[in-house]
Amino acid sequence: MEQPVLLEMRHIDKVFPGVRALSNVDFTLRAGEIHSLMGENGAGKSTLVKVLTGVYQRDGGTISLLGKRISPKTPKEAQEAGISTVYQEVNLCKNLTVAENIFIGREPRKHGFIDWATINKRAAELLDSLGVHIDVTKTLDHYSVAVQQMIAIARAIDIEAKILILDEPTSSLDEQETQQLFRIIRMLQKQGLGIIFISHFLEQIYELCDHITVLRNGELVGAYEVEKLPRLELIAKMVGKDLNAVKHMDDFAEKSVPQEEVFLEADHIGEVGQLADVALKLHKGEVVGFAGLLGSGRTETAEILFGAHQPTKGQLKVKGKPVQFGSPMGAMRERIAFCPEDRKTAGIIGDLSVRENIILAMQAKDGMFHHIPYSKQVEIADKYIDLLKIKVSDRDQLIKNLSGGNQQKAIIARWLATKPELLILDEPTRGIDVGTKTEIQKMAIELAKKQGMAVVFISSEMDEMTRTCSKLMVMRDRRKVAELTGDEVNSENVMRAIAGGASS
Amino acid sequence: MSSVKDKLRAFSDSSLFLPVVALAVLLAFNAIFVDGFLTISLTEDGRLYGRMIDILNRSCSLVILALGMTFVIATAGIDISVGAVVAISAAVVCTLLGGRGDGVAETPLALAMLAAVGVGILCGAWNGLLVAKFKIQAMVATLILMTAGRGIAQLMTEGQIITVYYKPFAYISGVIPGNILPTNIFIALAMVLLVAFLMKKTSIGLFIQSVGINPTAARYAGINVTMVIFLVYAFSGFCAGVSGLIESSLIRAADANNAGLNMEMDAILAVALGGTLLSGGKFYIGGSVIGAVTIQTLTTTMYALGVSSDQLPVVKAIAVIAICLIQSKKAQEMFAAWKERNRGGSKSLSQGSGSTGTKAVNEA
């Protein structure tokens with residue numbers, strides 16, 4: 001009992017200056033289907049979605065919705081045709097009420113005035129039907145990101161959507177919230193919507209979706225049923241290597257063995273309202289993971305180690321010598337480097353070139369009067385572009401035009417160029433494709449092993465932490481609750497430590 | 001031949017293209033409609049004389065203000081106090097020199113000039129302190145000095161217009177005997193060269209852009225964001241101080257009410273005409289300089305065509321609207337598309353698919 005075809009995209013081409021972003025891509029979506037688009041960063045997933053939603057105009061090919069040719073020129077046209085999108089970053093207005101957010105731009109009116117009673121009533125009904133029971137007259141910022149996401153979905157489907165596109169909807173949700181979202185998605189599936197689900201989490205794809213379309217380098221690799229495509233095979237198709245090569249990708253390099261020498265010591269540091277208490281030692285040649293839930297104090301600890309925040313208690317010591325950083329520059333002088341969690345707002349300088357982004361920290365450290373000559377900048381940039389395999393059309397390309405994974409690599413390059421002894425990576429692999437993820441994990445281990453660098457690795461993904469780190473500091477409620485080393489480093493121990501004994 | 005064509009093409013892609021075209025159009029208009037616009041003659045005492053020289057002479061203070069303003073705007077800030085700082089600087093130099101009828105200076109000229117520029121820097125530092133350290137919005141922070149500045153200047157001059165009879169003071173905006181061009185042209189040139197040197201030999205440009213584009217990321221990269229912002233306001237104050245010298249020397253007097261009046265607006269306009277976005281980030285010093293000269297050319301043209309000073313703002317506004325429209329994002333996109341079509345006219349690929357696109361719309 002095949003469902004009717006909702007959407008057919010045929011021979012889609014899209015060319016950007018110097019890049020063929022999509023070439024001859026086909027995509028079919030049936031009613032009542034949850035279909036995942038997979039591919040590494042830069043494979044063309046977002047471009048394909050943007051062509052469909054009218055953000056970009058295609059250069060060739062056809063799109064038909066329910067057998068009718070369409071050619072959306074703006075997101076609004078796409079929406080009117082029945083294609084709704086919920087983006088990774090919720091794009092609603094935080095200071096409007098839930099109901100206002102749902103009906104903004106198409107408010108029901110009575111005698112020329114906005115009919116608030118109807119708005120509130122219909123919004124409540126709509127959310128009730130999704131199993132979300134909240135007060136729709138409160139402003140949006142009363143609710144968690146997960147609830148906001150559901151409100152965005154409610155808004156999307158109320159506009160008579162036939163197709164719902166979810167772009168990385170779960171990247172900022174926890175497990176429970178994700179399940180709630182999945183319940184809603186399945187409910188919409190039963191109502192006959194076609195759903196395109198984009199995510200980097202393989203588990204979620206396998207849990208939720210029934211079809212997968214794989215793209216690579218802007219070309220179609222194929223469309224598959226989820227049951228008939230084992231995970232390893234999927235990864236092989238995404239990265240374009242044969243199955244054996246991929247199998248060995250998970251055979252991780254041996255973990256790094258810490259050296260005797262302690263690089264940095266934190267003696268019960270804390271910051272009022274941010275961090276309760278953390279004591280730890282970072283040895284040279286050691287990859288230390290900060291594990292714990294979001295908001296457990298992982299990032300706060302890292303920011304104190306980098307001098308972005310000042311501890312209000314405790315003492316930091318670098319190589320046994322007490323230090324006070326005062327600013328990131330203070331930490332940089334002690335050869336500490338930090339890749340912040342939020343790449344877009346705290347990492348990249350979007351309108352500058354890849355070259356300028358890479359030399360920035362080095363230049364800041366040298367001071368503005370020791371200008372690095374252009375030729376030297378080129379040399380440094382090229383070295384790290386080559387070393388980290390950053391995919392760029394040229395070094396003077398604007399960094400904002402790179403894919404997420406390559407932006408992340410460029411930020412790591414920025415710090416490696418300062419020759420750090422301690423490299424702190426805060427969520428370096430979030431929103432990044434599988435191939436690059438593995439590369440970054442391996443790199444962390446290699447740096448510790450070969451250069452004796454101390455590396456701090458922060459991630460929400462348990463298995464990447466247990467694979468990469470030789471020591472784990474587990475945090476809960478803004479304090480350190482456990483330290484795991486050697487064989488103790490495994491998911492079960494971490495879970496147990498996070499769950500805690502008495503407090504849960 | 002083709003290399004010339006390539007160069008032309010490269011130039012038409014560069015950020016300077018539109019500002020230069022705007023100025024060129026204005027100059028061409030002048031050359032046609034204003035008699036003797038292009039004539040430059042030599043006076044008996046060996047000075048160059050002509051409308052073009054006049055425009056250069058008059059645009060110097062605006063060029064200097066625009067330099068400082070460019071940096072401020074690049075950090076996503078704004079400095080609306082520069083006009084008032086010009087008045088303060090003028091008041092300082094004229095008060096120190098004194099209005100003695102016998103033409104004797106009460107303070108050595110060099111000292112008085114140094115003091116005026118110093119006070120300009122001080123004003124800029126005050127703005128910088130408010131914006132960088134106390135995080136007051138730039139518009140509000142500089143509004144303080146904009147409104148208070150003229151009062152301060154009035155206090156210094158005790159409400160009088162001080163006319164300086166000391167002759168060498170006029171040399172700042174006039175011609176030193178034996179020279180062929182007014183001194184302020186050299187001052188402006190020196191300022192432009194100073195900035196060019198800073199751009200070439202230090203990383204301040206990179207830091208300013210980083211701060212303007214993404215201050216959070218700049219901070220995490222180790223840049224002292226507070227210091228960078230403080231410095232650009234201090235530099236803007238320095239520029240205003242120098243402009244004050246030039247402006248007061250032009251009329252050989254300090255007029256606290258009118259010196260530098262509305263010049264902050266012209267300076268901001270010059271920066272915008274030069275292609276720097278008011279939202280900060282990438283900046284174009286060359287564009288700002290050309291923008292400043294363009295504005296002055298426009299003013300001079302209007303006077304030459306007999307437009308009265310009352311009506312001048314209207315005509316200026318129309319010209320500015322035209323220039324801004326030409327440089328708007330939409331117009332640039334249209335221009336780029338037009339260039340693309342001319343360039344790749346023979347390539348059928350893009351055209352073919354383009355037409356299918358329109359057809360599909362019609363069907364839908």
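I searched for cavities and got one of 30 Å³ or more. My rule: on a 1 Å grid over the protein atoms alone, a cavity is a set of points where a 1.4 Å probe fits but cannot get out, and lining residues have an atom within 4 Å of a point. Points are joined across faces, edges and corners, and the volume is the space filled by probe spheres set on them. The largest cavity holds about 40 Å³.

For bookkeeping, this is a predicted model: local features need pLDDT of at least 70, side-chain atom pairs count only at pLDDT 80 or more, and totals for chains, interfaces and linings use all residues. Residues are numbered from 1 along each chain as written, chains are lettered from A and ligands numbered from 1 in written order, and side-chain values use heavy atoms, without hydrogens and water.

I listed the lining of the largest cavity; Lys45(A), His200(A) and Asp433(A) are among them. That lining splits into three nonpolar, three polar and two charged residues.

Next, the interface. With contact meaning heavy atoms within 4.5 Å, 35 residues of chain A touch 27 of chain B. I get about 2,600 Å² buried between the two chains, 64% of it on carbon and sulfur atoms; this is accessible area (1.4 Å probe) lost on being put together, summed over both. In chain A, Ile349(A), Met368(A) and His371(A) lose the most area to chain B, together 22% of what that side buries.

Note on methods
On a 1 Å grid over the protein atoms alone, a cavity is a set of points where a 1.4 Å probe fits but cannot get out, and a pocket is an open set with protein on both sides within 12 Å along at least five of seven lines; lining residues have an atom within 4 Å of a point. Ala, Val, Leu, Ile, Met, Phe, Trp, Tyr, Cys and Pro count as nonpolar, Asp, Glu, Lys and Arg as charged, and the others, Gly among them, as polar.
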